[in-house]
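Please read it with the structure open.

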Amino acid sequence: MEKDSLLYRIKEGLSDTCYIWVKEMRSTITDEGVLIFCILVPLLYPLLYSWIYNNEVVREVPVAVVDLSHSSLSRQFIRNFDASPDTRVAYYCSSLDEAKELTGKQQVHGTLLFPENFDTKVNRHEQTMVSVYADMSLMLTYKAIFQTAQAVSTKLNSGIQLKQVRNYTDRDDEVTTKPLDFDEIPIFNTTGGYGNAILPGVLMLILQQTLLLGIGLAAGTARENNRYQDLVPISKHYNGIFRIVLGKSMCYFMLYAVMGTYLALVVPRLFHYISLVSAETLAGLLLPYILSCIFFGMMLSCLVRYRENVMLLVVFTSVPFLFMTGLSWPQSNMPGFWQGIAYLIPSTFGVRGFLRISSMGASLSDIQVEYQALWIQVFVYFLLTCAVYRYQINTTRKRAFDHMQRLKEKAQEAKARKSQSQPTSSPVHQGEEIPAQG
């Protein structure tokens, strides 16, 4: 088979692609850092994160009470508040300063303050109030205290309102206290828990960040093992852009196809989180998401000079990437500049799409925006990755050529010095007699 034939080139390209793929798989298994971030962290870290949020909601939040009224109505309010599953009355204080001190020591997370004229104003048909003070450092405790106080207040208001009207039937009382009837039924997050709300996004972000760490560490190792700190080694198997990009990406895709399925299907079911995803929809979303993360990481790997650099880069960007997904902060409240930055990150559309198919039971047709955006990122980042490796190949060739030229010049200089340093023999003249002594 001639070397210039198309069939030979295709065979050589496939052979080199498989060689790079096998070498990348071997380095992933033998390199401890890549092994930890590509396999162990995706396996173990989601379990720890899910276990922390497995309780979903907080219960029995300790609260201090400052009752300056000492009336039957304030005691009724306190009893109802304490009977709630979300809160409990832990301390009775004589002043607000004493309650503040308990809050500073984290013995309570909130305070109820009843003024002295609390019952008097109600009996005079005047508006009164109950002051609620909450520790805002933890959102879940603030939510439990405030919502419980609001529910108890609504119930007491209904009882006070019934005493001031003259109804004859229970139906009249129901219409008086609740003229506009409604039922609060959560459609998707039926538990109302924090874990079901945030875990799907965190799982997809873990997939992206660990993949970026693994690719970055592998790139740092390749540079450190290279004589000239180049990303592409000098070898006949690395003599092509597509074989390098496809060989490396095949390795990471095989690993993270398994890891993505584990994160999306196994972890939520282990901790009984809501998961409405189907296998077909999940495969359709994970395919472009994993590919976009791979090419995004390979494109950024050109910036990694040492293994430690990627740790600083990925860890620093984890929290901003989570915020930019719109999971913990409304997307509509983000400045336009940051929304534009978010469109460049694969996790933005991966998290939004997975949240809809996992928690809301959406299909691929329901997430067309995210699905198409991920495929656009795959195409764009693939081209940019090819451009990066093209530049790296040219740089490697140029340095290898310069090195060979220097070796040739040194060889020529050494040869010239050797020829100049050889000794010359003195000639003997014919017919000249040497006189003898004696």
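1. A convention before the helices. Axes are lines fitted to C-alpha atoms, for helices over the stretch in contact, and angles run from 0 to 180 degrees between N-to-C directions. Two packed helices are described by the angle between their axes and the distance between the axes.

2. Confidence. This is a predicted model. The mean pLDDT of the protein is 82. Of its residues, 87% reach 70 or more. Strand 1 (residues 61–67) has the highest confidence, at a mean of 93. Helix 7 (residues 170–177) has the lowest, at 64. Over residues 428–438 the pLDDT falls below 50. Apart from near neighbours in sequence, that stretch has 0 contacts in the model.

3. The helix pair. Helix 8 (residues 194–225) packs against helix 10 (residues 279–300) at an angle of about 35 degrees. Their axes are 9 Å apart. The crossing of helix 8 and helix 10 is right-handed.

4. By class, the residues of the contact of helix 8 with helix 10 are 13 nonpolar and 2 polar, with no charged ones.

5. Four strands form an open sheet in the order 2-1-3-4, and the pairing is mixed. From one strand to the next, the twist averages 25 degrees.

6. Strand pairing. Strands of a sheet pair through backbone hydrogen bonds, either parallel or antiparallel. Strand 3 (residues 110–114) and strand 4 take the antiparallel sense, over 4 bridges. Gly110 has Ala134 in strand 4 as its bridge partner.

7. A helix on the sheet. Helix 3 (residues 72–83) lies across strand 1, strand 2 and strand 3. Relative to strand 2, helix 3 runs at about 140 degrees.

8. Ser84 sits in the loop between helix 3 and strand 2. Is Ser84 buried or exposed? Ser84 counts as buried because its relative accessible area is 13%, and the cut-off for buried is under 20%. Leaving aside neighbours within four places in sequence, Ser84 is in contact with Glu60 and Thr148.

Notes:
Residues numbered from 1 in each chain as written. Predicted model: local features only at pLDDT ≥ 70, side-chain atom pairs only at ≥ 80, totals over all residues. Heavy atoms only, no water. Helix = DSSP H or I, 4+ residues; strand = E, 2+ residues; numbered from the N terminus. Left-handed = near helix turned anticlockwise from the far one by under 90°. Nonpolar A, V, L, I, M, F, W, Y, C, P; charged D, E, K, R; others polar. pLDDT = per-residue confidence, 0-100. Contact = heavy atoms within 4.5 Å. Pairing = 2+ DSSP bridges. Buried < 20%, exposed > 50% of the residue type's maximum accessible area, 1.4 Å probe, protein only.
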